[in-house]
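User: Could you walk me through how some of the helices pack in this model? I'd like the contacts and the core, with the cut-offs spelled out.

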Amino acid sequence: MDIFRSVVGKLWMTIIALFALVLTLFSLLLVQSFDTYFFRQQAEDLQVTAEGLSSHLKTTEHLDEALQLAATLGVARRTGLVAINEKLEPVGQFELPATVPRIPVDELLQKPELGLNRAIRGEHPKPERLMFPGAFNDPDGRQQILAVAVPLAAGDGERGALILYQPIEDYDSTVAEVRKLIFVVGVIGFILTTVFAFFLSSRITYPLRVMKQTAQRIAEGEFHAEIPIRTTDEIGDLAATFNTMASRLNELVHALSKEKEQLATVLSSMVDGVIMIDAEGSIVVTNPPAEHFLRDWSYEHPGEAAPIFSLYKRLTESEQDVYEDIPLQGRIWSTLMVPLYDGEQVRGAVAVLRDMTRERKLDKLRTDFVANVSHELRTPLSMLQGYSEAIMDNIAASPEEHKELAKIIYDESVRMSKLVNELLNLARMEAGHLELHRETISLQPYLEKIQRKFTNLARERGIGLQLAMETARESAYLDPDRMEQVLTNLIDNALRHTPNGGLVTLRALQEEPLLIEVSDTGSGIPQEDLPFVFERFYKADKARTRGRAGTGLGLAIARNIVEAHGGTITVQSKLGEGTTFTISLPHHRESKDRSGGHDSNDSF
């Protein structure tokens, strides 16, 4: 049944229907014309014969003989003859040959359309068709004749009517032949029309099939496909237009692909994260920073939806921009989400995530730096001023009191000097002017010396201090004084933050790179403070007193010293379980520093 839905089938059915309609109309008109012409001609001939016979009988004296002669002559034309008087009674008996249909006179006289009464009165009715049961030579059929009645006036003055009739089997046979001829013409026309229709439709549909195949190739991504132009008619123009459309589509797709590649390049090279969400709340576009954000979130909160979706929910409810800072894995992401519209309907959103950790850190460090420096300097300056005024006002009555006040002034000046020196050293380190005097040292004796330095202090506080040598490495290439400064600071911090009964461990691990750990079982560092512990003046323990607290520069200096050795320092801590600082140092002698030098006495 597919052929009837195709162009070929529709064209074929159209041509067949048109041909059938034309043939039917032609047949009807032909039969009607033939019927009209045949009966008119036969009726005219029969009318003339009847009128001539009627005129001739007016002048004859022997009516019976004349009628018999007329009947005999009518045999040649297959014409039957019946004469009746005014009483509608037959006049004379005539033997009709087998070629003339035998019509009962009674049935013939009962046909009012014949107009016998009119003919008796002298009128001349026209011939009429009469139908009788029992066909000629076929008693089971129906017989159709053409009959006419004309006036009959005998010489003796008697009036009557003369009826002449003829069979019309010739007409029926002729019509049957015509119908047979029309059927044959219809069959031949159907075959020829079918062949012509399929030939014509194939010529028309071939380029259409080529267009369909080319369109499918274009739909599969082959945008450079073209249709061969073989004609200059409308189909050729359509093919040319199709090729132009395909060429422009190819250019458009190429431009879109290029623009997409450029957009993808821009997105992948952006420092900010970009996330696009569709109307269903699914992420459809991300760039590497955004993927890093989502990966960190799924790692930290498995099974939970990223906060980006809660922002999207708020956006769809308010249909306004949403701005929020999201803390994640020790970093701070500033997120701006704006809606995408389809008309007046929100069809999605684009979120831009910027890692604001450094900016927030700098803001915090700037604030803390100002607060800490002002605090660290204001306190000793206030004490210097206060005790100096006490000495000037002679508040101290004895030399011992004078000496005690002078001692306090001296301690505070030393504290101020230490703070200024550490600030200057840190500034020099960050500027790359740290001088290292490296040498190869024996690792275990070096670490044992540092352990002994804090043994008494640890014993006084009831804290265990141990050295664990878990490496086969025997020596290290470093600046012993600077590295001692780093380890001293780390162990001192560990002792200050470890309660009575705790344990501080100095441990050496693996060979390449060399790892030196300082771990404790103290209070630990909050997670939100971990990213800032190596910054200047940053103090995780905000409640420490001035007497126990340092300047807040020790870890910043330690990081710069370790990095100057070409290594790294990291921290791991969990609140209430302790802290571990890990120093990673390269093994090879000519270790490159931050500025690229590798002599034993480098300046950084």
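User: What should I know about the source and the numbering?

Analyst: This is a predicted model, in which local features need pLDDT of at least 70 and side-chain atom pairs count only at pLDDT 80 or more, while totals for chains, interfaces and linings use all residues. Residues are numbered from 1 along each chain as its sequence is written, and side-chain values use heavy atoms, with hydrogens and water left out.

User: At what angle do the axes of helix 11 and helix 13 cross?

Analyst: The axes of helix 11 (residues 443-453) and helix 13 (residues 480-496) cross at roughly 45 degrees and come within 11 Å, the axes being lines fitted to C-alpha atoms over the stretch in contact, with angles running from 0 to 180 degrees between N-to-C directions.

User: And which residues of helix 13 and helix 14 make the contact there?

Analyst: Helix 13 and helix 14 pack at an angle of about 145 degrees, with their axes 9 Å apart. The contact is made by R482, Q485, V486, N489, L490 and N493 of helix 13 and by G554, L555, I557, A558, I561 and V562 of helix 14, and by class it has seven nonpolar, four polar and one charged residues.

User: Switching to the core, which residues touch the most other members?

Analyst: In the largest nonpolar core, which has 43 residues, M483, V486, L487, L490, I491 and I583 touch the most other members; a nonpolar core is a set of buried Ala, Val, Leu, Ile, Met, Phe, Trp, Tyr and Cys residues joined through side-chain atoms within 4.5 Å, and buried means under 20% relative accessible area, exposed over 50%, and partly exposed in between (1.4 Å probe, protein chains only). Helix 13 gives the most to this core, with seven residues.

User: Last one: is T440 buried, partly exposed or exposed?

Analyst: T440, in strand 11 (residues 439-442), counts as partly exposed at 47% relative accessibility.

Terms used:
Helices (H or I, at least four residues) and strands (E, at least two) are DSSP runs, numbered from the N terminus. Contact means heavy atoms within 4.5 Å. Ala, Val, Leu, Ile, Met, Phe, Trp, Tyr, Cys and Pro count as nonpolar, Asp, Glu, Lys and Arg as charged, and the others, Gly among them, as polar.
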